Amino acid sequence: DELYRIFDNLFSNIRKYADPKELVEIWNEIHEDHITLTFTNHVLRKKTQPESTRIGLKSVERLLEHIGGTLQTTMEADIFLLKMEISSGHFKNSSAR
């Protein structure tokens, strides 16, 4: 299911790139026709860590578009922010895991 793949990818990226000494914040907003999820984290900068290719985020964006959702990302200093919107109808039709 797309939602499982989306969240698996996002949490994999958090494990790889987020600073483990800082909090990862996740907010949700429930609207009549969609749900907004926002993730923020401090990015850990290691000299030995390769730069992200953003392939995982591109995959998340394609999966979201497939289910009628959207993705926005920004990076300011060492803070990464990801905001996604998903139609609330998708949750009603999705099987629970």
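Author: Helices (H or I, at least four residues) and strands (E, at least two) are taken here as DSSP runs, numbered from the N terminus. This is a predicted model, in which local features need pLDDT of at least 70 and side-chain atom pairs count only at pLDDT 80 or more, while totals for chains, interfaces and linings use all residues. Residues are numbered from 1 along each chain as its sequence is written, and side-chain values use heavy atoms, with hydrogens and water left out.

Reader: How many residues does α1 have, and what span does it reach?

Author: The expected span of a helix is 1.5 Å times one less than its number of residues. With 16 residues, α1 reaches 22 Å from its first C-alpha to its last, close to the 22 Å expected.

Reader: Which residues of α1 are buried?

Author: Buried means under 20% relative accessible area, exposed over 50%, and partly exposed in between, with a 1.4 Å probe and protein chains only. In α1 the buried residues are Glu2, Leu3, Ile6, Asn9, Leu10, Asn13 and Ile14. Because they cover an arc of only 135 degrees around the axis, they lie on the same side of α1, the arc being that of the directions from the helix axis to the C-beta atoms.

Reader: How many bridges join β1 to β2, and in which sense do these strands run?

Author: Two strands pair if DSSP finds at least two bridges between them. Six bridges join β1 to β2, which run antiparallel, and Ile30 stands opposite Ile35 in β2. On pairing with strand β4 (residues 79–87), β2 is again antiparallel, over nine bridges, with Leu37 opposite Met84 in β4.
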